[in-house]
Amino acid sequence: MTAGRVVFIGAGPGAADLITLRGAAWLARAEVVLHDALTDPALRELAPQARWVDVGKRGYAHATGQAKIDAMLIAEAGRHAIVVRLKGGDPSVFGRLEEELQALAAAGIACEVVPGITAALAAAADARRPLTRRGSGRTLSLATAMTRAGPHELQRQADTEVFYMAGLRLAALAQELLHAGWSADTPASVVSRAGWPDSLESAHRLADLGAAATLHAGRPTIVVVGAGAAPACTPAPGSALPPAAASALPSALPSALPSALPSALQPTLPPALAPAARLDAEQNGNTPAST
Ligand SMILES: C[S@@+](CC[C@H](N)C(=O)[O-])C[C@H]1O[C@@H](n2cnc3c(N)ncnc32)[C@H](O)[C@@H]1O
């Protein structure tokens, strides 16, 4: 049997250009890629030599899915030198990484983990609402709104709380947060398909969070509650990225990459590039983050 290694790679929240350079470099060497359902098909361009296997699970639909994936990883590592396990966002955040690491360790297979941009960070970027705030937002929690056993009783954890897997139960989540002690006028930011060109953001108070359900229906959704959900600023009219800077973006990234890593990593700049790519002198300054 070949002594292969498994490299877990965070693909980022969706669009191919949000993978890290390290992740792309490992993909270029992969012989087989076991990937989740949420990742951008354009990522295949980064590993055209590899066999791609979709092992995506949706919610808890596959009761036996995880054990099967563990077994597949072990079997593929027995046949190939480099097996990539490509996961949405970051592998360490609600990614079932623990089970897979344990299964591989028990089988004596070497592993590496390459981090990725987790959906919370992409959501904060798209909404231009920083997750931490000087003075008011010093603690941050990442939570799931749903567990295998169903909803769980929430307790107030941090100044800013980010909820994954909340899209199907926004109204119920709001009730649970109110019950946990948040006030009805606490800001809540909802972002679906964060990091994609068709990302959607909406701003609410806890009292009306349920109203976001229709807008974000059927899309992977992040809910941010508390200090980090408040608007950081009002975008100034005409504050779009200057044309010169915008045209520099697509060429800047590929030039930094190995020549084998091509169009999948061209930044997917949406037509509405302006607000997300806005250059804000104050926010990009060198002021120490004295939180
Ligand atoms: C099983 S968790 C995986 C999280 C992933 N490991 C990460 O770090 O982002 C799936 C949940 O992540 C969130 N999610 C994933 N991609 C997203 C995106 N592009 N926009 C908003 N939420 C996303 C949704 O809450 C979704 O239900």
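This is a predicted model: local features need pLDDT of at least 70, side-chain atom pairs count only at pLDDT 80 or more; totals for chains, interfaces and linings use all residues.
The strands form an open sheet of 5 members. Their order is E3-E2-E4-E1-E5, and the pairing is parallel. Strands E3 (51-54) and E5 stand at the edges. Each has a single partner strand, so one side of each is left without a neighbour in the sheet. From one strand to the next, the twist averages 20°. Strands of a sheet pair through backbone hydrogen bonds, in either a parallel or an antiparallel manner. Here, strand E1 (residues 5-10) runs parallel to E5, and 5 bridges join the two. Within this pair, Arg5 lies opposite Ala110 of E5.

The largest nonpolar core holds 60 residues. Val84, Ala123, Ile222 and Val223 touch the most other members. Helix H4 (residues 119-127) makes the greatest contribution to this core, with 8 residues. Val84 has contacts beyond its neighbours within four places in sequence. These partners are Val7, Ile9, Trp26, Leu27, Ala30 and Val33.

Ala107 sits in a loop. That loop links helix H3 (97-106) to strand E5 (110-114). Ala107 has 15 C-beta neighbours inside 10 Å and therefore counts as partly exposed; a buried residue would need 20 or more, and an exposed one 12 or fewer.

Definitions and conventions:
Residues are numbered from 1 along each chain as its sequence is written. Helices (H or I, at least four residues) and strands (E, at least two) are DSSP runs, numbered from the N terminus. Two strands pair if DSSP finds at least two bridges between them. Axes are lines fitted to C-alpha atoms, for helices over the stretch in contact, and angles run from 0 to 180 degrees between N-to-C directions. A nonpolar core is a set of buried Ala, Val, Leu, Ile, Met, Phe, Trp, Tyr and Cys residues joined through C-beta atoms within 7 Å. Two residues are in contact if their C-beta atoms, placed from the backbone, lie within 7 Å.
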